[in-house]
Amino acid sequence: MGRYLIRRLIQAVFVLVVISAITFFLFWATPANPALLICGKNCNAETVAQVNATYGFDKPLVVQYGQYMQGLVSPGGRTIGSEGNERNCPWPCFGESYQNGIPVWNSIKDAFPATLWLALGAAVLWLVAGVMLGLIAALRKGKFIDKLSVGLALFGVSFPTIVFGYLLLYLFIVKLNWIPFPDTANAALFSVGPVKWLQFYILPWITLALVFAALYTRITRANMIDTMNEDYIRTARAKGLDERTVVFKHGLRSALTPIVTIFGLDVGGLLGGAVITEQIFSITGLGKFSIDSVLSNDLPAIMGVVLFAAIFVVLANIVVDVLYAVIDPRVRLA
Amino acid sequence: MTESVTSAPPADTRAGKPFLEVKDLQVHFPTDDGMVRAVNGLNFTLERGKTLGIVGESGSGKSVSSLAIMGLHKGSKAKVTGEIWLDGAELVGMSVPEMRALRGQQVAMIFQDPLSAMHPFFRVGDQLTEAFLVHNDAPKAVAKKRAIELLDRVGIPSPDKRFFDYPHQFSGGMRQRAMIAMALMCDPSLLIADEPTTALDVTVQAQILDLMKDLQKEFNSAIILITHDLGVVAKMTENVVVMYGGRVVESGNVRDIFYRPEMPYTWGLLGSIPRVNRSGDGRLKSIRGTPPSLINLPKGCPFQPRCDYQEHVEGANCSTELPELLQIGQEQHRVRCHIKSEERRQLFTEQIKPSL
């Protein structure tokens, strides 16, 4: 187990290095010119050269990449800025934004809580809704409730998030006035209290959860129908167990195993930001941050957000594999 | 219809009633394609301590009948009619909670493939104790002790350690033993074994069958053995029911079926047993054609489309008239065939027996 984890973590680091290299060199392969972006309106050859020297754009790309990675690897971070104006960028140093000079790590730290709340709340919502609907549908297969939930799932999968989100926003905030307009200040649970916090997040949660809930309904239903046809379910009934024990202890346990995998990966993916939902409800999370970074060709910010999101995906993969081995005794970690 | 096999003289029966009596059992499944008539009028009786073999190819209604006795069709779409009397209680009309109290307790079942029949996520020991605890209000330690005892009894080495293993850590033979131990947890008086040795290799098969015989003596339980393996039937049973297309086509004691079979389908089954010392070109005789669709059963004899002996029928039409299951001779040997009994005997001795 310990050796397995160490090997997986080394693999994870390798994956992250590859991702960082791809992102870095892909960025420079585009016609973007950060020096022009930084020097702003009164650009001439002299100021551009100055910017190039300050940011190290005049050095070979490999050297620039090495310097960037040094900030992530070396415990002391690295030194950035022009000569005479040098400052330390402490570990983990993702550099400073070309756009506004703010250290990228600080921006990520500021944006992450909103993304975390959004992802976790939505995850709880879609997991509960999806599994319950799927379970009921499977147990009442062919009945009205089954057809209803399959229909709802189809609706959920095919309804574009951006339309659904704006629809909710228009209906409950603009038209009915049940919920105040989203105010970024309310994203922080501990400073504004649970009521405002809930009001801020409830619509984003529903928006984000819709597609996932629909998918999980379908997966749970299909898995549960398969499982209830298994021989070991017949064995459980033949023992004289009551139907509740058969369904929940013997059936659901097997049916939910694949869900654990998907759930881990989905949540891991969302911790890197939910772009559309954050955009609709003006949540200043990682999704919004990454959109802004990409639109403004802000390389340090792009690198930062890509790597940060990738860490969660890679970790989620490891967690899911370990969990799977815990749930299913047939799976051996090797 | 009067089809029945009596396993033993009614010696230890209450008020002359057999321990298990199945009367005109019918199991039909409505499907989108039509009604699947899986079992059409099954009758047999069985006493404690005796073994009844139900033989037939896939889809002949063997397993469906046994599931009906377990009441496992209740709550599904299957339509079960007829009567099943077990120790004075009628099972077909019994409510689900009542049936549940019997399952595992009085009637237990050994399933065909123990790998898929045991839950992969639970320890073997826990699956055994669960079977005990559901019917007995006893502490877990008692259940555990009983489980280890039974695992030992069915021949699993170091059962106190194996108790904590998962099914996938057992070999095929050990899983089947564990499955048998699980079925015996509550001392059932009726044990239904659905192809208990089909998934096992022959040496293990012999061990398992011996074990079942020993346990039967020990617990005086009645066993219904469902199989398509006539070798197993010969070794284990006193009486045999041969099923085809959801109907009994021949029944009797095991010697009648093996030495004096009269139904062409039984001949076919006997002819398809592989034998090391078989003479001739060494090819197995298969029964031509395929089993009938249970949705569109032939109007007459269910075996008619595959029967090679129809020219011997006089005064009846195999494709339109269903022959009755009639008793022949003195014993409980019954046959469903339009061919006259004398002629069947002659056919068997002249044409079939030499090639067996």
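Modeller: Helix α13 of chain A spans residues 286-295, and its buried residues are A:L286, A:G287, A:K288, A:F289, A:S290 and A:S293. The model is a predicted one. Buried here is a matter of counting: 20 or more other C-beta atoms must lie within 10 Å of the residue's own. After α13(A) comes A:N297, which has a positive phi, near 55 degrees.

Some stretches of chain A also carry a record. An unreviewed UniProt entry annotates residues 12-30, 116-139, 151-173, 198-216, 259-281 and 301-327 of chain A as "transmembrane region". Two of these can be set beside the model. Residues 301-327 of chain A are 100% helix and 0% strand, with 39 Å between the end C-alpha atoms. Residues 12-30 of chain A are 95% helix and 0% strand, with the end C-alpha atoms 27 Å apart.

Next, the contact between the chains. Chain A puts 17 residues into the contact and chain B puts in 22. On the chain B side, α2 (96-102), α3 and α4 (124-133) each provide at least two of the touching residues. That side of chain B is made up of 12 nonpolar, 6 polar and 4 charged residues.

One residue of chain B shows the contact in detail. B:D113 sits in the loop that runs between β6 (107-110) and α3 (114-117) of chain B. Leaving aside residues up to four places away in sequence, B:D113 touches A:D231 and B:A199. B:D113 has 17 C-beta neighbours inside 10 Å, so this residue counts as partly exposed. Its C-alpha atom is 9.5 Å from that of B:M179, although B:D113 and B:M179 are 66 residues apart along the chain.

Chain B has a record of its own. For residues 20-270 of chain B, the unreviewed UniProt entry gives the annotation "domain: ABC transporter". In the model this stretch of chain B is 39% helix and 27% strand, and its end C-alpha atoms lie 28 Å apart. A separate domain assignment gives chain B a domain 1 (114-187) and a domain 2 (263-273 + 285-355). Taken over C-alpha atoms, the centres of these two domains of chain B are 44 Å apart.

Now the strands of chain B. Four of them form an open, antiparallel sheet in the order β2-β1-β4-β5. In this sheet β2 (34-46) and β5 (89-90) of chain B are at the edges with a single partner strand each, so each has one side without a neighbour in the sheet. Helix α1 (residues 62-69) of chain B packs on the sheet and touches β1 (20-31), β2 and β4 of chain B. The direction of α1 makes about 110 degrees with that of β1(B). Strand β4 (residues 79-86) of chain B is joined to β5(B) by 2 bridges, and B:L86 has B:A89 as its bridge partner in β5(B).

β11 (residues 325-328) of chain B pairs with β12(B) in the antiparallel sense over 4 bridges, and B:L325 stands opposite B:R336. Strand β10 (residues 247-253) of chain B also runs antiparallel to β12(B), joined by 2 bridges, and B:E250 has B:V335 as its bridge partner.

Conventions:
Residues numbered from 1 in each chain as written. Chains lettered and ligands numbered in written order. Predicted model: local features only at pLDDT ≥ 70, side-chain atom pairs only at ≥ 80, totals over all residues. Domains from an automatic or database assignment. UniProt positions renumbered as here; feature names shortened; annotations may be inferred. Buried ≥ 20, exposed ≤ 12 C-beta atoms within 10 Å, placed from the backbone. Contact = placed C-beta atoms within 7 Å. Nonpolar A, V, L, I, M, F, W, Y, C, P; charged D, E, K, R; others polar. Pairing = 2+ DSSP bridges. Axes fitted to C-alpha atoms, helices over the stretch in contact; angles between N-to-C directions.
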